Amino acid sequence: MKKLSEILHLEEVLEQLPKQCDRLIFIPHRYLHLFPLHALPVKESYLIDLFPNGVGYAPSCQLLQKVQLHQRPDFQSFFAIQNPTEDLYQNYEKDLGAVAAIKKQFSDTKILKQDQAKKSAILLGINENLHNVTLNEKLLKANSVFFFCHGYFNSNSPQDSGLQLADGNLTLADIITHFKLENCRLVTLSACETGLTDFTSTSDEYIGLPSGFLLAGSTNVVSSLWTVSATATALLMIKFYEELQQQSNIVLALNTAQCWLRDTTVKGFQDWLNHSSLSLVWQAQLNQYFTDNHENASTKPFISPFYWAAFCTIGKGV
């Protein structure tokens with residue numbers, strides 16, 4: 001990342017920006033979509049620290065303009081896919097209690113867990129019955145849609161990229177064709193490699209899961225660039241949604257949560273856990289995780305960008 005900053009002449013570019021510029025929106029080209037540009041180092045800090053209203057992304061100028069026209073003021077209803085494949089729920093839930101903690105912040109919620117989290121349950125036309133119609137209606141009305149599952153990117157056929165659900169893969173083609181998220185302000189893809197795109201194309205067309213959800217109607221998508229740490233991701237997501245209770249700026253909420261994850265010590269996490277929205281069982285388990293893995297309470301366990309920089313906010317930003 002340091003070498004990339006030098007190649008991009010980042011410090012020289014930043015000097016040309018007006019002093020009143022407090023927000024940065026990246027529209028990366030080709031291979032630059034693969035990098036966490038918000039984590040580019042600048043002297044003794046990172047780019048994410050230099051803009052008070054956050055650093056976000058857009059797939060293209062056209063999609064940015066499109067989502068800016070949509071108004072999504074509501075943020076009360078929550079629809080989640082949680083641990084849909086057996087490897088995510090055998091023995092213990094791999095989301096570490098994050099979905100249940102986030103759910104508490106919403107007045108209207110629906111969570112499809114484990115083997116109930118099926119593609120056929122949310123896509124009408126596959127298995128259309130009264131129950132599935134009701135689930136689909138809840139998805140259509142949701143202000144926040146959350147996926148905790150496995151994701152994958154198919155570089156040979158980007159439209160076949162997708163999310164692994166209990167009965168099959170929810171692909172980018174499915175999302176573009178069948179999803180209508182006309183009330184959705186935020187889709188969170190808490191999964192691996194959900195932010196990757198077709199970087200082989202020389203056109204400005206952006207092909208990836210984030211663009212699919214934006215085209216489906218959501219104004220913002222949070223997605224990841226690599227295989228992420230389960231513990232770091234659970235903590236980041238809970239803190240991100242806590243921040244969203246305090247402010248409407250989605251970009252800034254994620255950036256704030258990322259800086260918190262990066263800068264917090266073992267003791268700081270343990271103190272936070274005791275007052276978090278996690279259940280007592282998960283508070284105890286995560287406390288034990290820190291005790292077992294870090295002898296020094298002043299250690300910052302997630303200081304590396306590997307842990308905090310994987311996720312990006314793509315879209316309108318608010």
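1. The chain has an accessible surface of about 14,400 Å², and 50% of that area belongs to carbon and sulfur atoms (Shrake-Rupley method, 1.4 Å probe; for residues, only the protein chains shown count as cover). The model is predicted, so that local features need pLDDT of at least 70 and side-chain atom pairs count only at pLDDT 80 or more, while totals for chains, interfaces and linings use all residues. Residues are numbered from 1 along each chain as its sequence is written, and side-chain values use heavy atoms, with hydrogens and water left out.

2. The secondary structure comprises 13 helices and 13 strands (DSSP runs numbered from the N terminus, with H or I of at least four residues for helices and E of at least two for strands). The C-alpha atoms fill a box of roughly 60 × 50 × 35 Å along the principal axes.

3. Of the 318 residues in the chain, 55% are buried, meaning under 20% relative accessible area, with exposed being over 50% and partly exposed in between (1.4 Å probe, protein chains only).

4. The largest nonpolar core has 94 residues, and Phe 147, Phe 179, Phe 213 and Phe 240 have the most contacts inside it (buried Ala, Val, Leu, Ile, Met, Phe, Trp, Tyr and Cys joined through side-chain atoms within 4.5 Å). Helix α9, residues 230-246, gives the most to this core, with 9 residues.

5. Leaving aside residues up to four places away in sequence, Phe 213 touches, among others, Phe 147, Leu 163, Phe 179 and Val 221, where contact means heavy atoms within 4.5 Å.
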